[in-house]
Amino acid sequence: MEYDVVIGLEVHSELKTNSKVFCSCKNEFGGEPNTHCCPVCIGLPGALPIPNKEAVKMTIKAGLAVGSKINDIAIFERKNYFYPDLAKAYQISQAVRPICVGGGVEIEDANGQKKFIRLNRIHLEEDAGKLIHNPKIGGTMIDYNRGGVPLIEIVSEADMSSAEEAVAYLAKLRNILQYIEVSDCKMEQGSLRCDVNISLKPKGSSVLGVRAEMKNLNSFRSVTRAIEYEIKRQSRLLDEGEEVVQETKRCDDAINRSFSQRRKEDAQDYRYFPDPDLLPFRIERSLVEEVKKTMPKLREEKIRDYVDNLGLSEYDASVLTNDLNLVKYFDKVISYFNKPKFVCNFILTTLLKKVKEEDEADLVVPISAENFANLLSMYESGQISQAICRELFDEIWETNEDCKKLVEERGLKQNNNEDEIKVMVEALINEFPQSVADYKAGNTKALSFFIGQLMKRTQGKANAQIASKLIKDILDK
Amino acid sequence: MNIMNETIENVSTMLKNKQISSVELVKDSLSKIEATKELNTLHEVCSESALQKAQEIDDLRAKGQDLPILAGVPIVIKDNISMVGTFTTCSSKFLENYKSPYNATVVDKLLNAGAIIVGKANMDEFAMGSSSETCAFGPVHNPRNPEYVPGGSSGGSAGTVAGNQCFASLGTDTGGSIRQPSSFCGVVGLKPTYGLVSRYGVVAFASSLDQVGPITKSVRDSAIMLDTIAGYDANEFTSAKHSTEHYYENSFKNSVKGMKIGFAKEFFESLQNQEVLQSVMNAIDFFKSNGAEIVDIKLPHINDALAVYYVLSSAEAASNLARFDGIKYGVATTEYKDLIDFYVQSRTQGFGKEVKRRIMLGNFVLSSGYFDAYYNKAKAVQNLIINEFTDAFKQCDVIISPTTPSPAFKIGEKVDNPLEMYLNDIYTVPVNIARLPAMSIPCGVASNGLPLGLQLIGNRFSESTLFNISDYFEKNCFSLREVK
Amino acid sequence: MEITEKEIKHLASLSRLQFNDEEMTKIANDMSSIVNYVDQLQKVDTSNVKDNTTIREFEELREDVVKDSLSNDEIVGNAPKKLNGYFIAPTVVE
C-alpha cells in the first residue's frame, strides 16, 4: 500500500548570548566540568531565575526573520519531569504564550517546486546539562555547564513529506539563524539539533496516523536516516495490519544510540504551569522595531545585492552566500580591494577547494581579509604572476604572513619587461628546434612547453601573457 | 533587669552607650539558648561565628564608628534561609547535611547591618504546617507552655523570640507561617507585602505566596527589622520596585484618630471561640474610643481563600520540591533498582508525611484533566479575592480580624487530621492570596494562659500604617511585656 | 470527589514517591477530604473576573553580562556522589 508521509520538526538552537538565559554564568561551549555554574543553573534551594534581555531579543529576531508574529506579552512556564540533566526537575520553557507565533520558510521540494513550511511558534527555554555515561563507575557523570544556556525551539507544522524536505527545511533554518547571528548552529557541538515527528497515513486519507517522535538528532545525516528508517518501519507495520504505537526515541549523547524512551501508556504528563518565579513580561512594539533595525540582510537579499550591485552571476552569488562566514569574509575583502567579480572567482575556484581539504564543517579562512585582498590586488594588477599568486596563497594560508612583504623580500614581482622576456624566449626557441617544428605542425602543446620552460628559468616571475604573445609573434612570422 | 527580655530598641541604645558589649550580649543569648534548649526552637547554634562577629562589632564601636541600629544584636533566622557556613535543613531529613554555598539576600542585609546571627530556627518541614510538629528533628515547644505547640511553620522563630533566646528572628509566611506562631507565642509578627522583602536564597515552598518577615518583641522592633531587610533585589524577578521608606523613623504618629478600620463580618461568621472573639471586640472598642472609625466592608469570597491556597501552594510546592532528587545534594539512597527507583527511594526516605501529602496534592491539581478545574479555577478565585480587597481598601485603611480561630493547642492534638490543622490558617491565608501585608500583635490571654493575637491587614505597601496602629495598640491597650 | 488508589499510584509515580498499603489508604482518605474541601471553588462564579497578574516590563529583565560562577568545589560540595568535578547519577539506561 502507498502512504503519505507527514513530518514535523522541532528545531532547537542555542543562542550565542554572553551569559546564560536565567543567570549570569558564562554561555560557552565546553570548559572544565561544572565550572560555568551557580546556584540558579544547578537548581540549589532558594535560587531564583532572572531572564536575559539579549536572549529575548534574539528570539524576537529569529521570529522576525521567519515572519512570526511577536506576542505582546510572553509567559515562562515550567515543564516538569525528572531526568538527571535537568537540575531543577523542571525546564523553564514556554507553552501558552511563547515569544513568537506563526511564520514559515520556503524550501524547494524534490521537483524543484517552491514549498512553504509553516511554523507553529518559536519559544525560548533553557538547555539541559550534559550526561556522560561511564560504565566503569556504573553511573552517569553530569556536567551542568550547558544547563541554562538559552535555547530557542522552532516548531514547524507537519508540512513536510520526505527526508529531503526535512533536510532542506533544516538547512534553510540553519542558514537563517546563522545570518541573523543568533546562533552558531554547530551541529556537531549540539548547538543546533532537532526532534522529528513522523506519521504515515494511507495515500489521500485525511485520517492522521499515529506518530513516532525521534529526539535529539544532531546531523543532516541522522535526520535522513531516522526518517527513512521510520517510514520503512511504519509502512511495514501498516502493511501487515499491525498497530503503530505512539513512542518516543531519544538519541542520547551519553550512550550514542537511540532507544525507545516511552510509550503511550506511560505518556509523560509535563504538568506545565506558569513559573511563579517569572512573572509574564511585556514586549512593546518599540522593542520589536529596535530589534528589526539590527536585522542583517538574509541570504535572498544578499544574493540580490550581489547580482544587482556587484555584477556577480546568480550561481556565483548563491554559492558564495551559502555560508555566512564566507559572506562576511568576502564583504571585508572587497572593502580593501573593490573587484568583486575577480575576488569571487578566486574564492570559488581556489579558496573553497582549500576549505574543503581542511575541514568541511566550519568555514574559517586563516588569512586576514586585508592580506588576502593585497594578494589578489597584486595578481590582478600584474605585479605577480598567477603561479606566484597560487604559491603565495598556499603559503600564507599556513602562516598569514604579509604577502606584500614576502613579494618584496624574495623579489617575486613579475617581470613585465618585454625586451628582457624576448631575449629569453629567443634563447628557448634556439634551444628546442623540435618543439618549434611541433608548433608549426599545429601542436599547441608546444606553446605550453615553452611557457613552462620560461617559468622554470625565472622561478615563475615572467609575465606569461607577454611571453606567450612574443613566442607566437616569432614563430608565426 | 534581665537583658534578654529587652527589645532591640533598648539593647541597641545600651550597646551604643557601651553599657554592655556585643560579646556579652551574645554570651547571654547563648546561655539562654542552652538553658532552654528543651524548647527545641533551634536546629543549629552558631556560637563560634556569632562570638567572632560580636567581637568585630565591639572593635568597630571602640574605634568610634557609627554603627547601624542592629549592630551587635543577636538574631535568629529560620532554617529555610540560606547562610554560608551553616546548615540549611528546612527541618527536613532530606537536607539534614545540606550547607548552602551562598547567602540569601536577607542574610547579607542582616550581616551588613552588623546583626549577629546566633542560630537557625526549627520549623515545620519545608514550611508546611501550622504547629512545627512536622519538623524532622522533633516538635518545637511553646515557651509560654511547653505542652503546647508554638504554631507554625515559623514555630522555632516565634518561640526563640518569645523565649527570650534572642531579640528578633526572621520567619517566612506562605499562608500565615509568621503571624500564626507569633499569635500562639505572644510576639509581634509581620508578613510584608509580597515582593517587599527578597526571597532570593530562601528555600521556596510556594513562590507566589512566600514572604520573609520579622518576628519581634515589639512593634517598633518590627519596623527596625523591616528597614534592614526590605528593598528591591535584582536577583528576584518578583521583587517589587518599591522605594525604601525608613519605617522606624517615619511610621509612628502615636495616634489613630480619623483612621478607618474595616470590619468584615465574613471573618467572624465561623468563629466559635468566645475568648478570641472578645479580645478582638475589645480592640475594636479601644480603637473606636481613641478616634478611629469602624467601617463595615464586604469580603464575600474570603472563605474560599483557604481552598485557593491549598491548590496553588501545593501545585507550586510539588514543582519546587522536585529538585530534591538526591543527585546534587540531600538524601541519596544506596539501594535502588534503576534511576527511577533511585529518585523514588531517596525522596520517600527524605521527606516527611505532610510534605509528601502536599506534593501529591500539587501533582493532582497540575495533572492533565484536573489542571483547569483546580489550578486555573483557583487562580480565577484568587483574582476575585484580590479585587474584593482592592474595593475594601477604597473604604478603609486597615482591616481587623483575629489571627487564629483559637489559641495554641496541645502538641499532638491535631496531628492526625490535616484538614482541621489547615483550618487554623483560615484568617491568615487570604492575606497571602491577596499579596497584602499584615501584622499579628498580642491582644489578650486565653483562660489556658496562652496568648491571643490580633491581625491587622493593610493595603499593599502600607506597612507604615500597620506599624503605627499596632504600636498605638501595644503602648496604650495591651502588651504582654511590662510597659514602662 | 474520591481519589482512587489507582490515581494515587499515578500521582505517586509523577511525584517519584512510594507508599506502602497502609500509607496508601491513609493518603487516599486525606486527599479525598482535602479535594472535597477544595471543591467549594467549583461553586464560585469567576466568569467576569479581572486578571490581576503582575506583568513585568522588558527593562526589568537582566542585562546580558557575565558574572563570576561558583567554584567547582562549591558546586559539587553537597553532592552525595561526585567524581573529578562531575555529579554522579545512577546509570540513565540499563
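This is a predicted model: local features need pLDDT of at least 70, side-chain atom pairs count only at pLDDT 80 or more; totals for chains, interfaces and linings use all residues.
## Chain C: elements and overall form

Along the principal axes, the C-alpha trace of chain C spans about 50 × 45 × 25 Å. Buried residues account for 36% of the 94 residues in this chain.

Strands of chains A and C form an open sheet of four strands in the order β9(A)-β10(A)-β2(C)-β1(C), and the pairing is antiparallel. At the edges stand β9 (130–134) of chain A and β1 (82–83) of chain C; each has a single partner strand, so one side of each is left without a neighbour in the sheet. In general, the strands of a sheet pair through backbone hydrogen bonds, in either a parallel or an antiparallel manner.

Within chain C, β1(C) pairs with β2 (residues 86–90) in the antiparallel sense over two bridges. Between the chains, β10(A) and β2(C) run antiparallel and are joined by four bridges. Here A:Ile142 has C:Phe87 in β2(C) as its bridge partner.

## The contact between chains A and C

The contact involves 43 residues of chain A and 30 residues of chain C. On the side of chain A that touches chain C, the elements giving two or more residues are α1 (53–65), β9, β10 (139–143) and β17 (281–282). The largest share of that side, five residues, is contributed by β10(A), the strand that is also joined to β2(C) by four bridges.

By class, the side of chain A that touches chain C consists of 23 nonpolar, twelve polar and eight charged residues.

## A helix of chain B

Helix α12 of chain B covers residues 353–366 and has 14 residues. From its first C-alpha to its last, α12(B) reaches 20 Å, close to the 20 Å expected at 1.5 Å a residue. Of the 14 residues of α12(B), 13 are buried, so this helix is largely enclosed by the rest of the structure. A residue is taken as buried when 20 or more other C-beta atoms lie within 10 Å of its own.

Conventions
Residues are numbered from 1 along each chain as its sequence is written. Chains are lettered from A and ligands numbered from 1 in the order in which they are written. Two strands pair if DSSP finds at least two bridges between them. A residue is buried if 20 or more other C-beta atoms lie within 10 Å of its own, exposed if 12 or fewer, and partly exposed in between; C-beta atoms are placed from the backbone. Two residues are in contact if their C-beta atoms, placed from the backbone, lie within 7 Å. Ala, Val, Leu, Ile, Met, Phe, Trp, Tyr, Cys and Pro count as nonpolar, Asp, Glu, Lys and Arg as charged, and the others, Gly among them, as polar. The expected span of a helix is 1.5 Å times one less than its number of residues.
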